[in-house]
Amino acid sequence: MANPVLADDAATQFGPLLRRHRSAAGLTQRVLADLSTVSVRTIRDLERGKVRPRPDTVRLLTGALRLGANASDDLELAAGAHAGPTLREEYGPHIAAPPTMLTPMFGREAELAVLTGELVSGDGRLLTLHGLPGVGRTRLAAAVAADLHHAGTPVLWVSAPEADGALTQPVRDVRLAALVTSAAAALFGPGTTALAGLIGDRDTLLVLDDVTAAGLRADALLDLLGDCPRLRVLVTADGPCGLPGERPFPLAPLPVPATAEPRALAEEPAVRLFVHHAAAVRQRLTAADAPDIAEVCALTDGLPPALAAAASWLGVYDLPTLREVLAADPAALVGADLMGRLAARVAALAPADRAALAGLTGPARTLAEVADRTGRTAAASAALVRDLMQRGLIRARHVAGRSRFAVPALVDALL
């Protein structure tokens with residue numbers, strides 16, 4: 001782990017600095033050894049200036065100490081030229097990459113093109129991708145990140161601390177991994193982040209995944225955007241975060257098929273997703289199943305987890321029976337977790353708005369019809385519809401140049 005040589009400048013400068021960082025972190029030599037996998041003896045000899053640090057040793061120690069970019073560079077510089085390039089010198093897409101997604105994405109070509117275009121052009125430096133639970137925000141954000149990364153942009157991925165099944169930044173450099181971990185702590189809690197010193201004026205995409213507006217430290221994020229003029233940030237959240245300069249991007253569920261014609265139906269993203277998951281339970285669907293498949297997609301509102309859950313029941317039910325059970329009790333098949341998260345959205349409404357939502361179940365309605373049903377003015381009805389759409393509790397349909405609004409089937413089941 002270290003080169004046993006006579007004391008030289010690198011060793012004598014590195015030792016005191018390492019000891020100072022270890023003390024500031026409140027770590028004993030034993031704890032630092034456990035965190036870094038560098039032996040206690042090596043750490044002791046390094047701090048005493050008896051050995052010269054090797055590059056891999058320095059990187060393990062900076063990672064374990066969770067040092068920022070500047071502190072990491074100082075420690076590496078103290079180690080001398082043998083420590084290799086600093087993190088700031090090495091920073092680029094080869095070490096800053098998004099998570100690899102192992103599941104296919106169905107549809108979303110238009111949304112992917114718009115989001116990528118906004119971020120590449122710099123027209124949108126802070127975009128928030130929001131929508132219903134399970135609508136596919138993280139999956140789309142990962143596709144956007146992959147496109148930018150393939151074009152040569154470093155990607156930093158930070159998941160909110162409370163996120164379920166959170167994706168993580170691939171560890172290609174322990175120093176960067178430590179920096180991303182410290183950045184997460186600073187953006188979602190007390191502390192400071194050294195990301196600005198690393199990014200500087202270089203192109204970078206920062207993805208903040210599964211954020212709640214209450215948990216995100218707006219001051220830390222806005223300071224970072226101010227310090228890094230070519231940084232772009234993509235947030236995934238339940239709703240807009242309300243930050244200055246934020247551009248909300250609502251993500252709707254996959255389109256519900258408007259036809260049961262087999263050839264047209266086969267091209268629909270929701271249908272392709274359902275068929276993909278049906279294959280996992282060895283169910284082969286044919287053109288004769290088209291009407292039932294279209295109905296299942298409508299009853300699950302085009303939500304990917306609901307479609308996947310429904311398809312998993314094809315090992316028990318035949319397709320017509322699955323459709324009937326979904327129509328009678330969708331919660332029984334799509335899962336308690338998804339229905340619970342939808343119920344929480346409905347419960348968060350003001351009582352008057354919740355009553356208005358319940359009055360809008362049934363066929364899709366025009367804005368004038370919404371006003372008639374709710375007894376509100378045209379302006380108040382438009383504000384209600386806009387708020388419900390942002391929450392994902394109502395869905396717009398455009399027919400013959402006119403907009404109509406309907407309560408999704410799964411939300412309807414909760415009212």
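What is the volume of the second largest pocket? I opened my notebook with that one, keeping in mind that this is a predicted model.

**Entry 1: the pocket**

I looked up the volume and found about 550 Å³ for the second largest pocket. Its lining has 23 residues, and those closest to the centre are Ala252, Pro253, Arg395, Ala396 and Arg397. Next I sorted the lining by class and got 15 nonpolar, four polar and four charged residues. I also checked which elements contribute: β7, α21 and β8 supply at least two residues each. The largest share comes from β8, with three residues.

**Entry 2: the hairpin at β8**

β8 covers residues 395-399 and runs antiparallel to β9, residues 402-406, with five bridges joining them. I picked out Arg397 and found its bridge partner in β9 to be Arg404. Two residues lie between the strands of this hairpin, and Ala400 has a positive phi near 50°.

**Entry 3: α20 against α21**

I then turned to α21, another contributor to the pocket lining. How do the axes of α20 and α21 cross? I noted a crossing of roughly 100°, with the axes of α20 (residues 367-374) and α21 (residues 378-390) coming within 9 Å. The two helices are therefore roughly perpendicular to each other. On the α20 side, the contact is made by Leu367, Val370, Ala371 and Thr374, and on the α21 side by Ser381, Ala382, Leu384 and Val385. I classed these residues as six nonpolar and two polar, with no charged residues.

**Entry 4: the sheet**

Last, I traced the sheet that holds β7. This open sheet has five strands in the order β4-β5-β6-β3-β7, with parallel pairing. Which strands stand at the edges? They are β4 (155-159) and β7 (247-250); each has a single partner strand, so one side of each lacks a neighbour in the sheet. From one strand to the next, I found an average twist of 20°.

Inside the sheet, I looked at β5 (residues 204-211) and β6 (residues 231-237), which run parallel and are joined by six bridges. Here Leu205 stands opposite Arg232 of β6. Helix α9 (residues 174-187) packs on the sheet, where it touches β4 and β5, and its direction makes about 50° with that of β4. Helix α11 (residues 218-227) also packs on the sheet, touching β3 (126-130), β5 and β6. The direction of α11 makes about 155° with that of β6.

How values were computed
Residues numbered from 1 in each chain as written. Predicted model: local features only at pLDDT ≥ 70, side-chain atom pairs only at ≥ 80, totals over all residues. Heavy atoms only, no water. Pairing = 2+ DSSP bridges. Helix = DSSP H or I, 4+ residues; strand = E, 2+ residues; numbered from the N terminus. Axes fitted to C-alpha atoms, helices over the stretch in contact; angles between N-to-C directions. Parallel < 35°, antiparallel > 145°, perpendicular 65-115°, else oblique. Contact = heavy atoms within 4.5 Å. Nonpolar A, V, L, I, M, F, W, Y, C, P; charged D, E, K, R; others polar. 1 Å grid on protein atoms, 1.4 Å probe; cavity = no way out; pocket = protein on both sides within 12 Å on 5 of 7 lines; lining within 4 Å. Points joined across faces, edges and corners; volume = space filled by probe spheres on them.
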